[in-house]
Amino acid sequence: MEGVDHLAHERNKSEFDVDAMKIVWAGSPHAFVVSDRISKLVASDPGFRKDNRSTLSRKELFKNTLRKAAYAWKTIIDLHLSEEEAAKLRFYVDEPAFTDVHWGMFIPAIKGQGTEEQQQKWLPLAYKMQIIGCYAQTELGHGSNVQGLETTATFDPQTDEFIIHSPTLTSSKWWPGGLGKVATHAIAYALLIVGGREQGVHGFIVQLRSLEDHSPLPGMTVGDIGMKFGNGAYNAMDNGVLRFDHVRIPRNQMLMRCAQYTCLCMPSDAKLILEPCILIRVSQVTCEGKYKQSDVPRQLVYGAMLYVRQTIVADASCALSRAVCIATRYSAVRRQFGSQNGGPETQVIDYKTQQSRLFPLLASAYAFRFVGEWLKWLYADVTQRLQANDFSTLPEAHACTAGLKSLTTTATADGIEECRKLCGGHGYLCSSGLPELFAVYVPACTYEGENTVLLLQVARFLMKTVSQLGSSKKPVGTIAYMTRVEHLMQCRCGVQRGFAELSADLVEAAVAHCQLLVVSKFIEKLQQEIPGKGVKQQLEVLCNIYALFLLHKHQGDFLSTGCITPKHAALANDELRSLYSQVRPNAIALVDAFNYTDHYLGSILGCYDGNVYPKLYEAAWKDPLNESVVPDGYHQYIRPLLKQEIRTARL
């Protein structure tokens, strides 16, 4: 049975050019070529094996992750891979590791917040992996409320140094990836104190471990915080705890280009409510101990935050598409009930109940892909504007990245779990790939901005926009639709206080705004020239499914506000059923367009050839518990029970 394509019949049903859709998914012919080549390189190299990850102990798993990270770096060097190719290789290795934080946060923080001199000193070391960095912001007692961080950095003008200190247990740095056992340096955030005055939270480059023997430097208490949720998953990462005991660092290790902290309190003053809640500190400390503002525009600090969040949105489409690929292929392989006259049972994917749960997730994967492309463009555009001191689009960009980060990560985490349930009992097996995928992905709902908190930031932006309706300042860009809502022109927001009281409703409004944004960007994608037989038509079907499913899911809101009638709601449901029928012949081809290798997918249920059951059977016998026929502990525990010798046995 090995090598037989059990899904060939499904692939032959396809009504569109799958290769053309692969390019649409990748973003460009060049991106497809790079992605395809690197994914196959990783899949064909036994050094990147990952099928045994869920059976390894924590120590074995972590050591194996270190080996893979070193092997990946050697591969990058030996093959002279470009920065783009190296990033793709790390992506397809598919293992949470210290390198994620080093390249994704430590280096961008220095680039974004370090002075030119600091960049010249630290970036070459980081790029060559001569130092390994982490991002030490979150503390045991504070996560989202960065303004409340307790770690202190007190300037000592006598020695021209900062004294970094953890004054309380809750000021311990907690969660930073790479901190526990690997990182040699950290971007540590602390409350700056100069001349006895608190000057807000700033970032500092702090060496943690010796570059000779890797032992913690004096004044550092550092270790791993322990096992996390799931088999394998994020347990490959050494999330750490760190306490400082009056650690001294040179003054020039404070990131002095700019720094930031986030205010997440709920002010009662109406003016504060309507302002963005990101508070900026752009500053320098002189050798004389004077605290002064930098001449760098304070808004430039937004760049790093926007970059990370737009990357998270792009990652959401990758994670959701993996889960959808697994669930779709297995739904076509799995047969249950419906047998007539001794014939084969019905494919699960042919049941309307399965389609109504699966196909909206397939549509969502494509929708998130395209809004991610747009967000990448928005980031590039706003960055260019910031460099030219044009800050006009910054509030909108902040609201878009915050809202879409929240929307896509929540939907993706929920979608992965739904895909597991769509696979029935076998979806609960680690070999399905879905439990580990969920465990790896779900932290995205919390890191880089807790999702509900981010929606409240979007809500503030929307409230400010509504308050300006009827004035000379017209809403543009992603909020231009508000000018078409005529009754809002006569209903300027009269709320002056009580933001917290209305916060639950405002969160729902923020979600609706973000959903509209995703739909509109999907529609804009369809207005472009899209080559390939039937490709655009299939994307139109998916776009309509995404939009109508949202209408169906929230039809109570649409009906209660009079936006639609009960007849409209019924018609929408009828149209959804029709659209599901149009997707059905193309379902396998649509997930094939993701172009994921079996290695990257990491799922027996989602294997390309659909030869699921022999592979599940074979995998079961590879489990360590099956290394012996009679289990360890038989003579000590099982035999005494069976022989009624429990009272005399030495337990």
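## The N-terminal domain

An unreviewed UniProt entry places the annotation "domain: Acyl-coenzyme A oxidase N-terminal" on residues 17-132. The structure shown is a predicted model. In this model, residues 17-132 are 73% helix and 0% strand.

## A cavity

The model has 1 cavity of 30 Å³ or more. The volume of the largest cavity is about 150 Å³. Three helices, α4 (58-78), α5 (83-93) and α6 (98-113), are the elements that each give two or more residues to its lining.

The lining of the largest cavity consists of 14 residues. Helix α4 supplies the largest share, 6 residues. Lying nearest the centre of the cavity are K68, A69, A72, R90 and T99. Rolling a probe the size of a water molecule over the atoms is what shows such empty space.

In soluble globular proteins, nonpolar side chains tend to be buried together. The largest nonpolar core in this model holds 102 residues. Helix α10 (residues 352-387) gives the most to this core, contributing 16 residues. Apart from this core lies another one, of 52 residues, with L123, L149, I249 and V285 among them.

Within the largest core, the residues that touch the most other members are Y366, L404 and L539. Leaving out residues up to four places away in sequence, Y366 touches M21, W25, F522, L539, L542, L590, A593 and F594.

## A sheet of three strands

An open sheet is formed by 3 strands in the order β4-β8-β7, with antiparallel pairing. Its edge strands are β4 (173-174) and β7 (220-224), each of which pairs on one side only.

Strand β4 and strand β8 (residues 240-244) are joined over 2 bridges in the antiparallel sense. Opposite W174 stands V241, a residue of β8.

## The annotated active site

The unreviewed UniProt entry also carries the annotation "active site", which covers E448. E448 sits in the loop between α12 (434-441) and α13 (451-467).

Is E448 buried, partly exposed or exposed? Its relative accessible area is 25%, so E448 counts as partly exposed: buried would mean under 20%, and exposed over 50%. Setting aside neighbours within four places in sequence, E448 is in contact with M105, V308, R309, I312, K405 and L454.

How values were computed. Residues numbered from 1 in each chain as written. Predicted model: local features only at pLDDT ≥ 70, side-chain atom pairs only at ≥ 80, totals over all residues. Heavy atoms only, no water. UniProt positions renumbered as here; feature names shortened; annotations may be inferred. Helix = DSSP H or I, 4+ residues; strand = E, 2+ residues; numbered from the N terminus. Core = buried A, V, L, I, M, F, W, Y, C linked by side-chain atoms within 4.5 Å. Buried < 20%, exposed > 50% of the residue type's maximum accessible area, 1.4 Å probe, protein only. Contact = heavy atoms within 4.5 Å. Pairing = 2+ DSSP bridges. 1 Å grid on protein atoms, 1.4 Å probe; cavity = no way out; pocket = protein on both sides within 12 Å on 5 of 7 lines; lining within 4 Å. Points joined across faces, edges and corners; volume = space filled by probe spheres on them.
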